[in-house]
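Visitor: I have a structure open and want to learn how to read its features. Can we go through them one at a time?

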Amino acid sequence: MNSRSLILALTIALAPGVASSASVYKWTDENGVTHFGDRQPTGQRTESVNIRTGAPSGSPSASRSPQERAAELEQRQMDEAEIERLTEVERARQKQRAANCETAQANLKVLTQGGRVRMEENGEQRYLSSEEIVEQRRAFQELADENCGPETP
């Protein structure tokens, strides 16, 4: 009775090791159905699968070390942070562009209403001449065209 218990205990202890070392094969039949089995079928192209990870045995992900996977994850996070930073820069640029458009349109409105236009230079106020008004109107129109219309690459 004692030897039977010992044999049973050894069998139970070794069973998971034997099962995990068994090969599992993956193949696709002519109908496109994927099959898994412990025996390699004849006439079929098969791929050995690691049953612990589910990845093909020869795949690079199965052979990468935890340090390599951690470095890859860190690189991916840095890439995502860079993309987020770029989108923030783009949002700020769009906001500045909208503000420039609004300012240019407001200044154009003032310049096209007619009348005298006063500005401050070196702490002194003066009125713009008609030539200066035309020049300012042209400059603000360019600014409005650049910032208010669709963006050109």
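**Reading charge pairs and a core**

Guide: Being three residues apart in helix 3, Glu90 and Arg93 are separated by about one helical turn. Their side chains meet in a salt bridge, 2.8 Å from N to O. Keep in mind that this is a predicted model.

Visitor: What is the general idea behind such a pair?

Guide: Side chains of opposite charge can pair when their charged atoms come close. In this structure there are seven salt bridges.

Visitor: Are Glu90 and Arg93 buried, partly exposed or exposed?

Guide: Glu90 is partly exposed, at 35% relative accessible area. Arg93 is partly exposed too, also at 35%.

Visitor: Which residue forms a salt bridge with Arg85?

Guide: Glu82 does, with the closest N and O atoms 2.8 Å apart. Both lie in helix 3, three residues apart, or about one turn of the helix. Arg85 is partly exposed, with a relative accessible area of 43%. Glu82 is partly exposed at 36%.

Visitor: And which residue meets Arg91 in a salt bridge?

Guide: Glu88, at 2.3 Å from N to O. Arg91 and Glu88 are about one helical turn apart because they sit three residues apart in helix 3. Arg91 has a relative accessible area of 47%, so read it as partly exposed. Glu88, at 39%, is partly exposed as well.

Visitor: Which residues are linked in a network of salt bridges?

Guide: Glu121, Arg126 and Glu132.

Visitor: Now a charged residue without a partner. How far is Asp29 from the nearest side chain of opposite charge?

Guide: That side chain is Lys26, 13 Å away. Asp29 is buried and has no salt bridge. For a salt bridge, the cut-off is 4 Å between nitrogen and carboxyl oxygen.

Visitor: Where does Asp29 lie, and what is around it?

Guide: Asp29 lies in the loop between strand 1 (24-28) and strand 2 (34-37). A polar atom of its side chain is 3.0 Å from the backbone nitrogen of Asn31. Beyond its neighbours within four places in sequence, Asp29 contacts His35 and Gln44.

Visitor: Last feature. Which residues make up the largest nonpolar core?

Guide: The core has eight residues: Ala104, Leu108, Leu111, Val117, Leu128, Ile133, Phe140 and Ala144.

Visitor: What does Ala144 contact, leaving aside its neighbours within four places in sequence?

Guide: Ala144 is in contact with Ala104, Leu108 and Gly149. Ala104 and Leu108 belong to the core as well.

Note on methods. Residues numbered from 1 in each chain as written. Predicted model: local features only at pLDDT ≥ 70, side-chain atom pairs only at ≥ 80, totals over all residues. Heavy atoms only, no water. Helix = DSSP H or I, 4+ residues; strand = E, 2+ residues; numbered from the N terminus. Buried < 20%, exposed > 50% of the residue type's maximum accessible area, 1.4 Å probe, protein only. Lys, Arg positive; Asp, Glu negative; His and termini not counted. Polar contact = N/O pair within 3.5 Å; in protein donor to acceptor, adjacent residues only side chain to side chain. Contact = heavy atoms within 4.5 Å. Core = buried A, V, L, I, M, F, W, Y, C linked by side-chain atoms within 4.5 Å.
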